[in-house]
Amino acid sequence: MKMNFDERAAYEKMKAGVLTSTGFLGSDTRPLSDIVEADEELFRALGLDFNIVAERLDTLARQGAEGLGEPITVEGQYLVKSDEARGKLPCPYGDGLYHKNAVSVQKGEDTVIYSDLSLHLLRVHHFCQGQGSPFRLDPVVLKRLLF
Ligand SMILES: [Zn+2]
């Protein structure tokens with residue numbers, strides 16, 4: 001990914017306690033560009049597309065919203081819990097404000113948790129969040145969960 005975003009500024013905002021209490025990096029100590037590149041490679045290796053994955057997660061979130069905060073079964077195989085948005089959160093790259101919601105999608109042993117901002121980070125910045133971040137969208141887990 002080569003865009004004219006200020007990666008250094010974004011990285012600072014991703015640290016715990018800046019935009020959110022837990023931040024976006026988890027226990028990952030790699031530079032931001034390495035995290036993004038490694039996940040881009042993994043997406044390619046797994047045959048995943050960032051836009052298609054983001055669309056699938058977005059669709060599941062919208063279906064899950066019908067549960068009004070209670071977990072509901074979606075598409076006969078996913079347990080989706082969609083918590084209402086409370087306020088907004090800026091993208092660490094500084095290109096927009098996103099609802100501060102939390103959606104969890106579970107199938108079998110796998111669970112992913114994400115927000116509108118997570119989907120934007122995935123779509124536009126190819127950023128799945130650092131290892132150990134509670135909101136990390138791990139490519140291997142996404143592949144098992146969605147396809
Ligand atoms: Zn952004």
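Visitor: Before we start, when do two strands pair?
Guide: Two strands pair if DSSP finds at least two bridges between them. In this predicted model, strand β5 (residues 102-107) and β6 meet that condition, pairing in the antiparallel sense over 5 bridges.

Visitor: Which residue is the bridge partner of Q106?
Guide: The partner of Q106 is T111, in β6.

Visitor: And what sits between the strands in that hairpin?
Guide: The hairpin of β5 and β6 has 2 residues between the strands, and G108 takes a positive phi there, near 60 degrees.

Visitor: In what order do the strands of the open sheet come?
Guide: The order is β1-β2-β5-β6, an open sheet of 4 strands with antiparallel pairing. At the edges stand β1 (72-74) and β6; each has a single partner strand, so one side of each is left without a neighbour in the sheet. On average, neighbouring strands of this sheet are turned by 25 degrees against each other, direction ignored.

Visitor: How many bridges join β1 to β2?
Guide: There are 3 bridges between β1 and strand β2 (residues 78-83), and the two run antiparallel. Within this pair, I72 stands opposite V80 of β2.

Visitor: Which strands does α3 lie across?
Guide: Helix α3 lies across β1, β2, β5 and β6, and runs at about 75 degrees to β2. Helix α5 (residues 139-146) also packs on the sheet, where α5 touches β5 and β6. The direction of α5 makes about 110 degrees with that of β6.

Visitor: Changing topic: how many residues of α4 are buried?
Guide: Helix α4 (residues 116-125) is mostly covered, with 7 of its 10 residues buried. Those residues are D116, L117, S118, L119, L121, L122 and H125.

Visitor: What do they pack against?
Guide: The buried residues of α4 pack against α3 (50-64), β3 (88-90), β4 (97-99) and β6 (110-114).

Visitor: Which residue follows α4?
Guide: H126 follows α4, and its phi is positive, near 55 degrees.

Visitor: Now the whole chain. How many helices and strands are there?
Guide: The chain has 5 helices and 6 strands. Along the sequence they follow the pattern α-α-α-β-β-β-β-β-β-α-α. The radius of gyration is 15 Å, close to the 15 Å that the globule rule gives for 147 residues, so the chain is as compact as a globular protein of that length.

Visitor: What does the C-alpha trace span along its principal axes?
Guide: The trace spans about 40 × 35 × 25 Å. Of the 147 residues in the chain, 29% count as buried.

Methods. Residues are numbered from 1 along each chain as its sequence is written. This is a predicted model: local features need pLDDT of at least 70, side-chain atom pairs count only at pLDDT 80 or more; totals for chains, interfaces and linings use all residues. A residue is buried if 20 or more other C-beta atoms lie within 10 Å of its own, exposed if 12 or fewer, and partly exposed in between; C-beta atoms are placed from the backbone. Two residues are in contact if their C-beta atoms, placed from the backbone, lie within 7 Å. Axes are lines fitted to C-alpha atoms, for helices over the stretch in contact, and angles run from 0 to 180 degrees between N-to-C directions. The radius of gyration is taken over C-alpha atoms; the globule rule is 2.2 Å times the number of residues to the power 0.38.
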